[in-house]
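Open the model in your viewer and get ready to click through a few selections.

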Amino acid sequence: MNIELEELTHKNIALVSRIDRSDISENFVDNLNTIMKYTDYGVEHHCIGHTFAIKGNGVYIGLIMLGEAIEWETDPPEMKREPFYRLMGFVIDKKHRGKGIGGKALEMTIVQVYKDFGVRPIALGCHKENELAAKFYIKHGFKRTGYMEGNDIYYLRYL
């Protein structure tokens with residue numbers, strides 16, 4: 001499958017909203033409207049990063065946001081030592097999971113953000129009950145920390 005990344009905008013959000021994530025709780029991954037609000041905030045405040053709609057063979061099949069992290073009180077101490085990126089809103093349509101698309105889209109996104117804005121560590125929160133996602137992130141170089149934000153366990157990826 002040919003994977004492409006396209007910036008999420010108010011022009012394509014209606015098409016991106018057709019992604020089937022009905023089996024994923026919003027406790028696990030923020031919904032599209034929340035990710036669009038974060039994206040708008042980032043644009044308005046000149047934060048660096050990208051929010052991409054993921055296309056497979058020309059059809060919207062996913063969403064991913066990787067951008068400059070604004071520090072939260074719950075961030076692990078190692079995240080407070082240097083600037084880092086935060087990964088949020090990453091979801092692939094349920095018909096397209098388990099085919100390597102998510103891994104390819106994740107790595108493409110990281111490469112693009114590093115190219116456009118520079119290399120930084122990456123942090124994400126993964127719901128403590130989302131075992132499949134935890135395994136996916138570990139497979140892609142993230143390390144589980146002992147820190148939590150609500151029900152999310154922090155994972156970090158260094159270069």
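Start by selecting Thr39: is this residue buried or exposed? In this predicted model, Thr39 has a relative accessible area of 12%, so it counts as buried, the cut-off being under 20%. Now show what Thr39 touches: leaving out residues up to four places away in sequence, you'll find Thr51 and Met65. Zoom in on the Thr51 side chain, which makes a polar contact of 2.7 Å with the side chain of Thr39.

Next, zoom out to helix 2, where Thr39 is found. Select residues 32-44 to get the whole helix, 13 residues in all. From first C-alpha to last, helix 2 reaches 18 Å, close to the 18 Å expected at 1.5 Å a residue.

Now colour Leu32, Ile35, Met36, Thr39 and Gly42, the buried residues of helix 2. They sit on the same side of the helix because they cover an arc of only 120 degrees around its axis. What do these buried residues pack against? Bring up helix 1 (13-16), strand 2 (49-56), strand 3 (59-68) and strand 4 (85-92), and you have their packing partners.

Last, check the two ends. At the N-terminal end, pick Asn31, which caps helix 2 with a side-chain oxygen 3.0 Å from the backbone nitrogen of Asn33.

Conventions. Residues are numbered from 1 along each chain as its sequence is written. This is a predicted model: local features need pLDDT of at least 70, side-chain atom pairs count only at pLDDT 80 or more; totals for chains, interfaces and linings use all residues. Side-chain values use heavy atoms; hydrogens and water are left out. Helices (H or I, at least four residues) and strands (E, at least two) are DSSP runs, numbered from the N terminus. The expected span of a helix is 1.5 Å times one less than its number of residues. Buried means under 20% relative accessible area, exposed over 50%, partly exposed in between (1.4 Å probe, protein chains only). The arc is that of the directions from the helix axis to the C-beta atoms. Contact means heavy atoms within 4.5 Å. A polar contact is a pair of N or O atoms within 3.5 Å; within protein, one must be able to donate a hydrogen and the other to accept it, and residues adjacent in sequence count only if both atoms are side-chain atoms.
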